[in-house]
Amino acid sequence: MSLTPDDVSRIAHLARLELQPAESAALLGNLNDFFEIVGQMSAVDTAGVEPLYTPLSAIEQVQLRLRDDVVTETNQRELNQRSAPAVEDGLFLVPKVIE
Amino acid sequence: MKPVHDMGVAELAAALKSRALSSREATQALLSRIATHDPALGAFLHVDADVALARADAADAVLAAGHAGALTGVPIAHKDIYVTADMPTTAGSRMLAGYRSPFDATVVARLNAAGTVGLGKLNCDEFAMGSANENSAYFPAHNPWDRSRVPGGSSGGSAVAVAARLVPGVTGTDTGGSIRQPASFCGITGIKPTYGVCSRYGMIAFASSLDQAGPMARSAEDCALLLAAMSGFDERDATSVNKPPQDFHAQMRAAREGATAAQPLRGLRIGLPREFFPAALSADVNAAVRAGLAELEKLGATLVDLSLPRTELAIPVYYIIAPAEASSNLSRFDGVKFGHRAAKYDDLLDMYKKTRAEGFGEEVKRRIMIGSYVLSHGYYDAYYLQAQKLRRMIADDFQQCFTQCDLIAGPVAPTVAWKHGEGKDDPTQAYLADIFTLPGSLAGLPGMSLPVGTGAGGMPVGLQLIGNYFQEGQLLHAAHALQQATDWHQAAPAGI
């Protein structure tokens, strides 16, 4: 299986990355090289094997904790927004979305 | 008294406690050493003398009052992947140039509370993606043993800072080997604990089911002191392990049952997976690792031949899972709430695409592309799900091995540190060099690297020890016993 230039543009769109033509060409080569070593994976029979999404579930039952539904954070809007590229009146500014 | 830079964490803490030296003096000595040597090494992305000296003065007050803990007043530095409220955090990326976090990562907060003095932030591969520190968006770091060579990565700046004796101990992070491999390349000691032992809160996420914090220093003892302060349950990390805090330093020193003074490791079974010693392993690395194993045998350990049959498969499995998680984690960098935003764009979608195109480097884009592809409709089962099933099989293989041994040993990497620029043209080839660190990462097991001599070009070689879940104490105990009997960990690069 080989990826095509169309695959690369489709994935780049999904990943919200604008690629220059030279970058797309290089990535196409890189991805195809990479998926060559992935081939050995599909040859293994994994029927009936449970996926290991989080490592400790290899040895124990892992349950995600739920915390109490109480307020734990105080309002720190200015501190939280100090590294934002564009803010006004405490709001994050983005280009107009709704006409 | 020795010069400050020649003292390790434990030694420096003792000198501070005895008041032979103040934290301010130690901090000033190391700050001036950084100013002299770091321009040629590139270990630090940021140094803040004012913040450091203020913390040193606070530590001196605690020391004067006689309330000092194990680390009070000891200067350290943090990998720039940990967010810090008092210094900038970039994750080695242009995306976060100038970013100031509103809070401290839990690991940083705990080390601050223990009285350590953070001098600055350490260079790393962008978002911890890389094995040579050449993916830093700012500048590469150089191996102090030979500056024409890489220090390893992604915690490359961390390893350089310790090896060049700019600080006695540092924090690193390890997703697929990012503590162990640079520790090996720079001749220092590093430990990645069991997944969940250190909080990931405030550690900028790369691959959340793999990322772990850990210390790097000159000795197992120094690592034990730092790990004890860094680790422990944190309710802010959903995968933090809820177990009582552990005294790794005490575990490191506790005598084994049946041990003698000459044979402190008597009865310890060390497994050697055949797959960790393939024909392609460099002869110099093999020789140094075997020398380390021979010392462990002298100390009473027995070596057991065994197999981890899916070692090679760990490469594609890791390089599917880690990029998949990365593509999801890095979607937060969209130019809205923090970080870089493109100057010119047509609309919201175009802003996202241009911002991310400008903010991310080549390797990060490559991994986001791999991750987005393997998670996309029609490919998920064949790649991501299949990889997670194989991950279970790899973890089960380890459990099978641990019925026959207590620890597993092997090389950290197939070669010593390579020259700058080598391997940059073929990223897939570079991934193959992670073969010995990836299996333990996928399983979430604790692993260490400790120096066992030198190979080609006089470059350091690390021995990897892997323990079963929550056996950090056993790992540190074996490493400490080896370091008590040998002096490989005391070797320092010339000319610094």
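B:A478 touches B:L265, B:L268, B:L296, B:L407 and B:L465, leaving aside residues up to four places away in sequence; contact here requires C-beta atoms, placed from the backbone, within 7 Å. The structure is a predicted model, in which local features need pLDDT of at least 70, side-chain atom pairs count only at pLDDT 80 or more, and totals for chains, interfaces and linings use all residues. Residues are numbered from 1 along each chain as its sequence is written, and chains are lettered from A in the order in which they are written.

**Nonpolar core**
- B:A478 is also among the residues with the most contacts inside the largest nonpolar core, together with B:A161, B:V317, B:I320 and B:L407.
- This core has 172 residues; a nonpolar core is a set of buried Ala, Val, Leu, Ile, Met, Phe, Trp, Tyr and Cys residues joined through C-beta atoms within 7 Å.
- A residue is buried if 20 or more other C-beta atoms lie within 10 Å of its own, exposed if 12 or fewer, and partly exposed in between.
- Helix α10 (residues 314-329) of chain B provides the largest share of the core, ten residues; helices are DSSP runs of H or I with at least four residues, strands are runs of E with at least two, and both are numbered from the N terminus.

**Helix α4 of chain B**
- Within helix α4 (residues 106-113) of chain B, the buried residues are B:T106, B:V107, B:V108 and B:L111.
- Their cover includes β2 (75-79), β4 (169-174), β6 (212-217) and α7 (220-230) of chain B.

**Interface between the chains**
- In this interface, 55 residues of chain B are in contact with 45 residues of chain A.
- α13(B) gives the most to the side of chain B that touches chain A, with twelve residues.
- By class, that side has 31 nonpolar, eleven polar and 13 charged residues; Ala, Val, Leu, Ile, Met, Phe, Trp, Tyr, Cys and Pro count as nonpolar, Asp, Glu, Lys and Arg as charged, and the others, Gly among them, as polar.

**Helix packing in chain A**
- The axes of helix α1 (residues 5-14) and helix α2 (residues 21-42) of chain A come within 10 Å and cross at roughly 105°; axes are lines fitted to C-alpha atoms over the stretch in contact, with angles from 0 to 180 degrees between N-to-C directions.
- α1(A) is therefore roughly perpendicular to α2(A), a term covering 65 to 115 degrees.
- A:P5, A:V8 and A:S9 of α1(A) make the contact with A:S24, A:L27 and A:L28 of α2(A).

Note on methods: Parallel < 35°, antiparallel > 145°, perpendicular 65-115°, else oblique. Contact = placed C-beta atoms within 7 Å.
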